[in-house]
Every structure is written in structure tokens, then in C-alpha cells.
Amino acid sequence: MRFFQNKKPTKKEKEDQKLPIHPTLTENIDKMKQLFSYDINKDFSMRTLTIQQDQKKGCLFYYGSIVDGAMINEHIIKPLFENKGDSIKNIVTIENVEETTEFKTVIQNINSGKAMLFVDGEGIAYAMDVAKFEHRNVAKSENESVIKGPQDAFTESLNVNLSLIRKQLHSKHLINEGIQIGEKSVSEVNILYVKDLVNDDILNNIKERINDINADTVRNLEVLEQYLEERPYSLIPTMLYTEKPDRAASYLEDGFIVLLMDSSSACLIVPVTFWSFFHSPEDRYLRFLYGNASRIIRLCCFFLTSLVSATFVAITNFHSEMIPPDLLLAITASRERVPFPLIIEILLMELAFEIIREAGLRIPNPLGPTIGIVGALILGQAAVEANIISPIIVIVVALSGLSSFALSEVNINFTVRLMRFIFIIAGGFFGMLGLTGAFLLFFMYTASVRSFGVPFFSPMSPHFISSNDTIFRSTIQKEKYRPDYIKPKDIQKKG
Amino acid sequence: MQNNGFLKTREIFAIALIFVSLKATDSTPTLIAQKTQNATWMVPIISFLLILPSFLLMIYLLKKYNDKNLVELFEAVTGKWIGKLLGLVIFLFCMSALMFESRNYIDQIKVLYFHNSPMEIMFFLFIGVVFFGAKKGIEVIGFTAWISFPIIQFTAILVIVLISGEVIIQRAFPIFGSGLEQVLTQGYSKAAIFGELFVLLIAYNATKESRMFRKGLLLAAFVGLIEIVVFYFVYITVFDYNSIQKAAFPFHDITQFISFGNFFTNIETVFMIFWLFAAFLKFIILIYFTAWIFGTIFNLKSFEPILLPISLLTILGGILPFNSGLTELVYHERLLAWLSLFFIAFPIVLWLIAWKKGELKA
């Protein structure tokens, strides 16, 4: 029976929404009261007034919680009482006034923070933008911190985010296009791109996919990401999620597309390659050699975090002959009194590390220091002293855990952390044979992934003309091309 | 088949080079050394020189008959049925290579690193990885080959550099080993070790332009030859002619000799990893191309479902012969000698037919 109850809006509701606005004010007021449940909905406000110009009755509707009260007083009510003019548009001093004749648009406008003015004898309503949604101020980027480079981060406001991007990229070709999604609660996805660079096929593909989303609500970008991606069960992310406006701007300059939503303090960049996840914005701000040095370290971290535990398991279990004798003796001595097989030991410790990380993330701030003490002391020191874990395992796991933080992008971070467990099991099963096989398959799977039609390892393979910003970057002067794998309209950067 | 024209010269080069040059690391040198002793390293050169004209002729024919791959070319030149028959011979060559060589590779891994593990399970594991890898399609194989190519080459060069202390050049003399005649006959009868180059021709239309394919393949053939010769030369100068005849897996025996300073003395596993990576890739390429040939012969629209039966057949055929020494030394050797004649002769015959039919003038 639930299936039947779960129907879309009733026929009557839909008809109500399509209804045109009535010429008489009292009819409209009744309708509005009914649509917005005026009698029980406390923050829905209504203000009747008499317009000075022609002594007609008027009525103003808005949500008190999402509009700027002072602005309504100063720029709508006061002018209506005092000023004269030939039309409402010329009386009020609001920057943006739109007319509408349908209740559907009236509902949308009120929900997005506009005040609606109905005038007696007129079959139209005036939408006046007085929205004031509360949001955080622009703050320092916390999840993608850099030492050298702009520090500001996106916040939960579309206008603020747009201004942060436009501040970085002064171009008349930078377009911000809105697409509305959601059936019950309509929200807007803003697509940013540079008009004379972006590839129209990719742009249209993204627009189509956004239009194809069939959902009651898409509250924010994080949910949108999951609606848009092609392979929801895949380990590999296909969109870049970043909170740094300078990063978004640098991708826009290359012809990529940026998605923004009002309620998210980040943006999505599409299409992406493996390298987008591997790079950090700071690589480009640091001088050539310093930037590339940090890339080498990050590459090492990538391999360390995904493979060091698995390699340790494989080598000690299957290829112990390759460990130099002194080291082998040290390892054996430290494991002498440990009861578990090595792979159990590693898995236990990796799991413990993941627990510390997950719990540390969720723990309320005042309790933060406690977890550090508990985690480090109990899991490190005590476990070793109780002969549950050998000290060398602590080192290996700490190394792999620490390295994972170098890959700061949240999606790829999860990818390597989860792959680590698969690799450990593969390494425990047929040593290096299993591990090499697992890594090869992982690699081939990654190579087969496409993000909006772009192969994941381009421009390395398949090869495309680009600035060759893959593992290493070249000097700024030599970066002459935009990446050809997204087929930008203009591939030459300069000269 | 997933193909969006992303493959270019470099991917084909990497595929072909990994495919061909891995010959340097299996048991073929031991096979050759039985007769030619310390002139083993010359045999691939002779083989290559013998097979090169035929190979160039094939490429020439493919260029003339535009937009056709190997089997389609057979059919275009010799008619439907004989063409399919020729294709079938190539297919059987691939299948036999799959079975013999996978057995050989599993033996290498087992003897050197997993003495106690059951061979059947290792077979399933190895071919399982190969199967899933091949499922990803030619493009992904190409990307993977190219990206892993530098590191595989780097370790190969590292092996040569680290072993150079053990090399005694004088062991290369007398230069013709057991005699020039032996070298030449062996060079002829082992010409089939480059027969795999013909298998690659099935992918003639996989690249963006066929010019890229020809360039990549020819370049890889020459570089592959150099690598094989260098490795064979190292084998005989390190082991000398007596030991090389008894070293079943010369590449791995060489890595056992290597040490990196005084602390890291047993680093063969490091090389084994990259060798294994290349070996997986080689079999992925081989199995994929085998399925491709089969698919073209029987006009299958999508040949990727064939990969599973071929993989299972490989495992079955690989496990069957219980004595791997016998397989390697007797059957494989005979097979190679027969196939050598085939690979040298059939392109010439094809060319003659095409020429007589007057289809080469355009």
C-alpha cells in the first residue's frame, strides 16, 4: 500500500500551482495563505499596504527568516508610501524587480528569498530580491591548507563563492549559468565556465546529466556529485571536490567546468584525471624545483600508503630471503612473543589506525586531546608492551597512515586507504605474485576509468598535447598549452 | 571492442616491446645454448634477419590492403576458406604459445619463489589476473604498457649494470661457439621466436592512423632484438657455455647473483616484481590477441566473451603435461622449428598470390 501513498503531488496541488494570478487582491491573498499555510507557518509574513501613487491596495509576502527586514522597509515599503511613479518598478528602489503571472513562479521566488508584491486589480505579482540567507564568513581553508598561496576558502553562499572566483579570474567570458533541479525543493546548480575555452560537448553532457536528475531534493553539491557520477560503485572518484577558489580559477582558465551550489562550501571540477587528485595547488605556487620536490614526496607517499603494509606482509611471509640477515633477525626477535600471524597483526593495527582517524574526526572538540592520549598510549605503547603487536608493525602502520595524509584530496584519500586492505590481503595470499597481480589489476582498472569521456591517465597515456603537468610540472614559461584531452576551443595559452 | 582511437605510436611500441623482449627472460636461451654454446647471442640476430623480410612484406601487404587486419588480409588475398585456415594456424600458434609459455612462466615463479605452493592454484591465480586484465580491452592494455614501460626498462638496465661486474668478455670466444653451421641452422629453426611479431599485426587498425602502428611495431622489433641480444650476451658471458646449458631460467639465475652494495645482498625479489609485472602484461597481450584472431576468423562481432574459454583452455593445457622439462625441451623445440618455416614462407606466398592477382599495382 505504501507504494500508492507515496505518490507525487496530488492533482489538485499541481493545478493550484499552475493557476494564473487573479486580478483581485483578496482572491490572491486567500490563495497565498492557503499555499503557504499562513495560519500555522510562523515565519511566513504578510504585510498589506496602500500604495501612495494610485491609492490601490497591495500586499507583500515573504519569509521573514530569509529576507533582509531593513531592506524591505527602506526600499519597498517606504517608497510605496511616499514616492510617485508610473509603475511599481519605478517606485521601489530595489535593484532587481521581476514580474510574474503564475503562482508556480511566485512559490519559487518566495522560497529563494524574494518578497512578492500583489497589487489590487493587476493580474501580476512583482518579485523583489531582498534575500539574506545566513552563511559563514569567508574563512581560511582548513582541509586543503597551503603555506604559499591564497588562503581563502569557499563558504556556504553562492554569491560569496562567485565573487571569490571572479576576483581570481577577470574575464568577460567567464559565464555563470544556472540549472534548477529537484521536484519538491527546487535548488539551483550553477555551472561556471569560460565561454571561449570550454568544449561544448562536455558542457552539454554535464547539462544533460544535471537535467536528467530525477529527485525530490538535491540539497547540496556533495549529493549532486553522487547523482552525476557514472560509476557509483567504483573506488575511483571522477569529480574533483575542492574548497579553494584559486584552484577552481586555475581549472577554469584551462577550459574545465566548475559546479557550484548555494549550500556548499566547495565546488566540483569536471572532467578530471588522476593527476588532478595527485596535484596540490601549492605545487604551482612553489618555485619549479621546490614544487616538483614536493610532488616526488607525494608520489612516494602514494606508493607507501597503499603498498608498504602489503609489501611488508608479502616479503616477511614469502620472500624473507631478501631481507638482510641483521634486519631479519631484528624483525624475528621483535615478533618472538607475539601470538598472531603477521597478517592479522597488520590488519589489526591498520584497523586501529582507521578507528583513531574516524573517531578523531567525529569527536567533539573539547574531547579532542583525550583521543590522542588514548590512541597513542593504548594502541601504541600498551599493545606493544602486552605483546599483542610487535614494535616494527607500529612503525610500518604509522608510516602508511602518515603517508596517506599527503594525499589530501578526500576522495583519493579514501581510494588508497581502502585499496590498502585489498593489497594487504593480496600480499598475504601468494606474496609478491598476489600483490603484483592485484596492483596490476587496480592499475588497469584505474586506466579504464573515464571522467566525462576523458581517460583517467591522460595526458600521459593516451597522449595529448598539454603542458605535461603529470607527475612533474615544467616551468611556468614552458606551459604553453591547455590540456587537449578536454578539447578546449583554444589550445594555445599564449604567443 | 572498446576503441576510440586513443592508441598512438608509443602505446603500440610499448605493447610490442614488452611482448617481444620478454623472450629474453624465459628458457629460450637455454634451449638455444644446447646446440650453439657460447654463440647463443648470435642466434636471435640470424633469426631476426631471416624473418625480417617476411615481416616487412606482411606490413607492406597490410599497407596496400588498407583497413584490414591480419586475418582479413588472408581472406582478401587467398579467398575466404584458405584465408581462414591460415588464420587458424596463427591462432593455434598463439594457443600453443599460451600453453607452453604460461607453463614455463609458472614453473619459473614456482621453482624460484614458491616451492611449496600447488601449481594448479598458481596457474589459476596467474591466468585469473591475466583474464581480468585482458577484459579491459586493447586501449587500457596500451595505456598500462606505456606507463609501466619506463620502470620495466629501468629495472632491465639496472640488472645489466649490476651484473656487469660478473661479465667476462672472453667467454664470448670462440665467437661462433660450436661452429658457424650450428649457429645458422639454429637461427633458422628458432626464427619462430619472432613469430609473435606477426600476432601483433591483428591490431593493425587499432591505432589512430595505421602509420603509427607500423612505426611503433618496427621500432619495437628492433629495440626488442637489441634487448634480447644484450641479455643473451650477458647470460653466456656470466655463465659460460657449460652452465648456460643447465641454467633453466637464466634471467632469474642472473638476478640471484646481483647484490646492491654489501647490505642488500638478495634483491632478486625486486627484479622479480617488475619481471612479473611485464609477464602479466605479456600474457594479457597474448591472450587478448589470441581472442582477437579467433574472433576475426569466426566473424564474431565482439570477441571479448571468448577470453574466458581461452583462459580456461590455457590453464587446462598448461597443467596437463606433467613434466615441464620434457614439454620445454622436446615439444616446444619441435614446434618452433616447424613454425619457423611457416613464418618465413607464408608472407612470401601471400605476396606472390597478391602480385599475380595484380592487386598490388594500385
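**A strand pair in chain A**

Begin by selecting Asn190(A) together with Leu260(A) in β9(A), which are bridge partners. The model is a predicted one. In general, the strands of a sheet pair through backbone hydrogen bonds, in either a parallel or an antiparallel manner.

Next, display the whole sheet to which these strands belong. It is an open sheet of five strands in chain A, ordered β6-β7-β9-β10-β8, and the pairing is antiparallel. At its edges are β6 (174-181) and β8 (240-242) of chain A, each of which pairs on one side only. On average, neighbouring strands of this sheet are turned by 25° against each other, direction ignored.

Move to Glu99(A), which stands opposite Tyr126(A) in β5(A). Colour β3(A) and strand β5 (residues 125-129) of chain A: four bridges pair them in the antiparallel sense.

Show the rest of this open sheet, whose five strands in chain A follow the order β1-β2-β4-β5-β3 with antiparallel pairing. Strands β1 (44-50) and β3 (97-100) of chain A form the edges, each pairing on one side only. From one strand to the next, the twist averages 25°.

To complete this view, select helix α6, residues 103-111 of chain A. This helix lies across β2 (57-63), β3, β4 (114-119) and β5 of chain A, and its direction makes an angle of about 140° with β4(A).

**Annotated segments of chain A**

The next selections come from a database record. In an unreviewed entry, UniProt places the feature "transmembrane region" at residues 256-278, 299-318, 388-407 and 419-445 of chain A. Select residues 299-318 of chain A: the chain there is 100% helix and 0% strand, with the end C-alpha atoms 26 Å apart. Then select residues 388-407 of chain A, where the chain is 70% helix and 0% strand and the end C-alpha atoms are 30 Å apart.

**Where chain B touches chain A**

Display both chains. How many residues does each chain bring to the contact? Chain B contributes 31 residues and chain A contributes 22 residues. On the side of chain B that touches chain A, the elements giving two or more residues are α1 (9-21), α5 (80-113), α6 (119-135), α7 (138-163) and α12 (268-297) of chain B. The largest share of that side, seven residues, is supplied by α12(B). By class, the side of chain B that touches chain A comprises 20 nonpolar, six polar and five charged residues.

**A helix crossing in chain B**

The crossing of α6(B) past α12(B) is right-handed.

Show side chains at this crossing. Val129(B), Val130(B), Gly133(B) and Ala134(B) of α6(B) meet Phe280(B), Phe283(B), Ile284(B), Ile287(B) and Tyr288(B) of α12(B). The residues of this contact comprise eight nonpolar, one polar and no charged.

How values were computed: Residues numbered from 1 in each chain as written. Chains lettered and ligands numbered in written order. Predicted model: local features only at pLDDT ≥ 70, side-chain atom pairs only at ≥ 80, totals over all residues. Pairing = 2+ DSSP bridges. Axes fitted to C-alpha atoms, helices over the stretch in contact; angles between N-to-C directions. Contact = placed C-beta atoms within 7 Å. Nonpolar A, V, L, I, M, F, W, Y, C, P; charged D, E, K, R; others polar. Left-handed = near helix turned anticlockwise from the far one by under 90°. UniProt positions renumbered as here; feature names shortened; annotations may be inferred.
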